[in-house]
Amino acid sequence: MVFVLFGISVLVFLIFFATPGADPAARIAGRNASPETLEQVRASFGLDRPLPVQYALMMQRLFITGELTSFVNRGERVVPEVMEAAPVTLSLVFGGAVLWVAGSLVIGLTAAAFRNTVVDRGLMILSLIGVSMPVFWVGEMLNLVTQNRLHDTVLFSWVPALGYKPLLADPWDWFKTMLVPWVSLAILYIGLYGRVLRASLVEAEQEDYIRTARAKGLSEFHILTRHALRMSLIGFVTLFGLDFGVLVGGGALLTEVVFGLQGVGKLTFDALHTLDLPMIMATVMYSSVFVVLANTVVDLLYAVIDPRVRAR
Amino acid sequence: MSGAELLPAVAWDEPALPQEPARGYWASACRKLARDRTAMTALGVLALIVVACLLAPLYADRVSHTDPFASNLNGTITLGGQDVAVMQPSTAGLGLGVTPIGPTWRWGPYLLGADTQGRDVAARLLYGGRNSLLISSLATLICLVLAAATGTIAGFFGGAVDRVISWLLDVLWAFPVFLLAISLSIVLISHGITIGPIDISAGSLALPILIIGLIYVPYVARPVRGQVLALRRSEFVLASIGLGMPDTRILLRDVLPNVMTTLIVFAPLMLALDMVAEAALSFLSIGVQPPDASWGTIIQDGDTLLYTRPIVAAAPGIAIVITVLALNVLGDGVRDALDPRSKVRVR
């Protein structure tokens, strides 16, 4: 796991510091900077040192001393800013995850229970449409409806203005603010996971132990929820772990941009846009840690849930 | 006495059941796909979209009579016998500034209205579709070719080669896909890149094509590598090796046709993913650069007009949804058609 993180940090560093034609000093100094200014900038930011030295210094300042400062907002420490943005992203992703897990369970179970009927086809088509909608466009359309077109009706008059409200300051306001972003994030994943769950439930139904359960006289509902679901949850949980890890690390950046939430994703995007290299390094490492962590947890979880993997 | 009298009088040289001519794998897969009505509908929809986008210049010339890439802030059009300005004084909010004309819903100029520059949205939609389709198709091609190459080489030759390639793919994939795309795009979009003798300028479409093609390579390469690993141990490959055939011939004749199946199943899925990726990058202004348009950039254009002229943001989104939906449905159909385990129909 450490090797992969190391690889990622090197890759990020190379992309931003070593891509031909990309001169960090020129970006910091601004356009039409004189050569003297460029030299000064290079010296003060340590950009004239050899690349491995720069890399080592940045890693040391980021992880060990924690005093890595931003290129753009001078003097602003990078790590505390990321930590401040983390609760926003966590709010978004946790709420969205609750919605999408519940939603996809309902859709997957219903579709499998009524498989090959109109209900099943309809739900699968809806899921497919959900998967096909770009998440930022869904967010924009929801904004259009809830903030503008139907804002004055009883349906959406409760929707507050865009922007994050901290949970501890006003929980009800926080809930109202986050509900529409949660739905926006969940639509894509409900579609995806609903289809995956339905497919694995239908596959599980072919197994012998299900036939035994049916022969024993158990109800279809009981069979579906107690027996078939357990097998299907393996694939479901592994996928969920991976997606959740990516989202917590800043994968919800499009949703955050559209809804004006200052989360890690938005921070990453702003840093990328202004080419604030220390901030980029911090946010990308933050994100990668979660992704790699999620991969590892999912691998372990796989062994826990599926006894067949354990038995060697 | 021979037992011949006890045998029923059957003509032994004729087949017992009416025989269908034996069809190859690809032919029977094509037939299966052709019989799948949902997949064929999806294919039809896609063909329609492609044709419509290819006819973009015709539309701009004959129907909308405007240049979709030139500002038309002072233009007027005739609506119901009256001359109407393309940019009208705003009535919303403080009443300052101008608002572009809304959709006319008539076959002619400004079918879907105008954007902030007074350009015809419908014409831009068609031109944007060309770029979106072009970028996703070429990116998918690059992705599949690279993934096939790396996956096959890693799976077939094994050992150190496999370890190095797998490690590279793992690091590439551990980097969150969107972050990699955004990072590469931001760095390359501003300056372009020179790879050896090839010089790609900053606003070129080749940049999003290459970037989007590259980021999904590990996603496809892993299953390909797994398949090649299994094929390596299959009997017909072992037989070829035993016969002393050179590696290149084994790869081309035995391994590649099987890998093709996986690639063909992946193709519609990757097209859909790449289209959404391109839209996202263009929406963030780091994909297709002006003056080129794509569905993502038009959604970005419509962002400021979201509350006054939502059609500018809604229309490209709907176009993306329909295209990606059709690709997903087609992908399901292709996967079912190529699956040798699906039910065999007996006439």
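B:Pro291 is located in the loop that joins α10 (247-283) to α11 (295-301) of chain B, where helices (H or I, at least four residues) and strands (E, at least two) are DSSP runs numbered from the N terminus. The peptide bond that leads from B:Pro290 into B:Pro291 is cis, with omega near 10°. The model is predicted, and local features need pLDDT of at least 70, side-chain atom pairs count only at pLDDT 80 or more, and totals for chains, interfaces and linings use all residues. Residues are numbered from 1 along each chain as its sequence is written, while chains are lettered from A and ligands numbered from 1 in the order in which they are written.

Two residues other than glycine were examined for backbone geometry. B:Tyr110 has a positive phi, near 55°, and is placed in the loop between β4 (98-100) and α4 (121-157) of chain B. B:Tyr110 is buried, with 28 C-beta neighbours inside 10 Å; a residue is buried if 20 or more other C-beta atoms lie within 10 Å of its own, exposed if 12 or fewer, and partly exposed in between, with C-beta atoms placed from the backbone. In chain A, a positive phi of about 65° is found at A:Asn116, which is not a glycine. A:Asn116 belongs to the loop between α5 (78-113) and α6 (118-132) of chain A and is exposed, having 9 other C-beta atoms within 10 Å.

Chain A contains 14 helices and zero strands. Its C-alpha atoms occupy a box of roughly 85 × 60 × 35 Å along the principal axes. Of the 312 residues of chain A, 36% are buried. Among contacts in chain A with a separation of 6 or more, 68% are accounted for by residues 24 or more positions apart, two residues being in contact if their C-beta atoms, placed from the backbone, lie within 7 Å.

The domain assignment divides chain A into domain 1 (2-65) and domain 2 (85-305), with bounds that come from an automatic or database domain assignment. The C-alpha centres of domain 1 and domain 2 of chain A are 36 Å apart. Ten residues of domain 1 of chain A make contact with eleven residues of domain 2 of chain A. On the side of domain 1 that touches domain 2, two or more residues are given by each of α1 (2-17), α2 (24-29) and α4 (51-64) of chain A. The largest share of that side, six residues, is contributed by α1(A). By class, this side of domain 1 has eight nonpolar, one polar and one charged residues; Ala, Val, Leu, Ile, Met, Phe, Trp, Tyr, Cys and Pro count as nonpolar, Asp, Glu, Lys and Arg as charged, and the others, Gly among them, as polar.

Between the chains, 33 residues of chain B are in contact with 37 residues of chain A. The elements of chain B that give two or more residues to this side are α5 (159-174), α6 (177-191), β5 (193-195), α10 and α12 (311-338). Nine residues, the largest share of the side of chain B that touches chain A, come from α12(B). The class composition of that side is 26 nonpolar, six polar and one charged residues.

Helix α8 (residues 217-232) of chain B has 16 residues and spans 22 Å from its first C-alpha to its last, close to the 22 Å expected at 1.5 Å a residue, the expected span being 1.5 Å times one less than the number of residues. The buried residues of α8(B) are B:Val217, B:Pro218, B:Val220, B:Ala221, B:Val224, B:Arg225 and B:Val228. These residues lie on the same side of α8(B), because they cover an arc of only 150° around the axis; the arc is that of the directions from the helix axis to the C-beta atoms. The cover over the buried residues of α8(B) includes α4, α5, α7 (206-215) and α10 of chain B.

The largest nonpolar core has 161 residues, of which A:Ile280, B:Leu144, B:Ala181, B:Val220, B:Met270 and B:Ala280 touch the most other members. Such a core is a set of buried Ala, Val, Leu, Ile, Met, Phe, Trp, Tyr and Cys residues joined through C-beta atoms within 7 Å. The largest share of this core, 18 residues, belongs to α10(B).
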